[in-house]
Amino acid sequence: MISLNLPSYPIKLSGTREKPAIFDVLRRKYVALTPEEWVRQHFVHYLLEHKGYPASLLANEVPLRVGDKSLRADTVLYDRLLRPRMVIEYKAPSIRLSQQVLDQANHYNMLLHVGYMVISNGLEHHCYKLSDDRREYQLLPDIPDYKDL
């Protein structure tokens, strides 16, 4: 897998050469190792180990429903009252972070009503803080530490 613009961590791999798997610390199981999953696992460890995010308040592959359509948010951070606080959308390193990627995260946010949205392809990471009326996005210079949310 490609080297990312994220700190390394002790990666746990399993599976076969044809079907590799990586351990997901939040789901507590091995999952298929795809380029997007490679980004997700590195980013989650970055949040846990470098930004102070509690593992108990993060969830991967969060199911969402819009009418009869089922969606899955890549990662959601909750507050201590288990209200969604941040949605994170990952892309493979080969995918450029674009307005379309931000729009996808915003689509999830229409359901979650979070204050922060993050998009990452493992090479670039953009964090947006939404205004109180949820009409404007402010691009932050960095991913905030958990204590600063």
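## Secondary structure and overall form

Read along the sequence, the protein follows the pattern β-β-β-α-β-β-β-α-β-β-β, with two helices and nine strands in total. The model is predicted.

The radius of gyration of the protein is 15 Å, and because a compact globule with 149 residues would have a value near 15 Å, the two agree. Along the principal axes, the C-alpha trace spans about 50 × 35 × 30 Å. Buried residues account for 46% of the 149 residues. The accessible surface comes to about 8,400 Å², and 50% of this surface belongs to carbon and sulfur atoms. Among contacts between residues at least 6 apart in sequence, 47% join residues at least 24 apart.

## Nonpolar cores

The largest nonpolar core has 26 residues, and F43, L47, Y53 and I143 are those with the most contacts inside it. The elements that give two or more residues to this core are α1, β6 and β7 (116-120). Helix α1 gives the most, with six residues.

The contacts of I143 illustrate how this residue is placed. With residues up to four places away in sequence not counted, I143 touches F43, Y46, L47, K51, Y53, V118, H125 and C127. A second, separate core comprises 18 residues, including V101, L112, M117 and I119.

## Aromatic pairs

The protein contains five aromatic pairs. In one of them, the rings of F23 and Y30 have their centres 5.2 Å apart and their planes at 65 degrees, so the pair is edge-to-face. Planes over 60 degrees apart are required for that class. F23 counts as partly exposed, at 22% relative accessibility, and Y30 likewise counts as partly exposed, at 38%.

Another pair is formed by F43 and Y90, whose ring centres lie 5.7 Å apart with the planes at 65 degrees, so this pair too is edge-to-face. The pair links distant parts of the chain: F43 belongs to helix α1 (residues 35-50) and Y90 to strand β6 (residues 84-90), 47 residues apart. F43 is buried, with a relative accessible area of 0%, and Y90 counts as buried at 0% relative accessibility. Together with Y46, these two residues, F43 and Y90, form one aromatic cluster. F43 is also one of the residues with the most contacts inside the largest nonpolar core, and both F43 and Y46 are among the residues that I143 touches.

## A charge over the ring of F23

F23 takes part in a further arrangement, this time with a lysine. The charged end of K12 sits over the ring of F23, 5.2 Å from the ring centre. The ring of F23 is thus described by two relations, as it also pairs edge-to-face with Y30.

R65 lies in strand β4 (residues 58-66). At 55% relative accessibility, R65 counts as exposed, since the class begins over 50%. With residues up to four places away in sequence not counted, R65 touches S70 and L111. The C-alpha atoms of R65 and L111 are separated by 8.3 Å, although the two residues are 46 residues apart along the chain.

Notes. Residues numbered from 1 in each chain as written. Predicted model: local features only at pLDDT ≥ 70, side-chain atom pairs only at ≥ 80, totals over all residues. Heavy atoms only, no water. Phe/Tyr/Trp six-rings, centres within 6.5 Å; stacked < 30°, edge-to-face > 60°. Buried < 20%, exposed > 50% of the residue type's maximum accessible area, 1.4 Å probe, protein only. Helix = DSSP H or I, 4+ residues; strand = E, 2+ residues; numbered from the N terminus. Lys NZ or Arg CZ within 6 Å of the ring centre and 35° of its normal. Core = buried A, V, L, I, M, F, W, Y, C linked by side-chain atoms within 4.5 Å. Contact = heavy atoms within 4.5 Å. Rg over C-alpha atoms; globule rule 2.2 N^0.38 Å. Areas by Shrake-Rupley, 256 points an atom, 1.4 Å probe, with all protein chains shown as cover.
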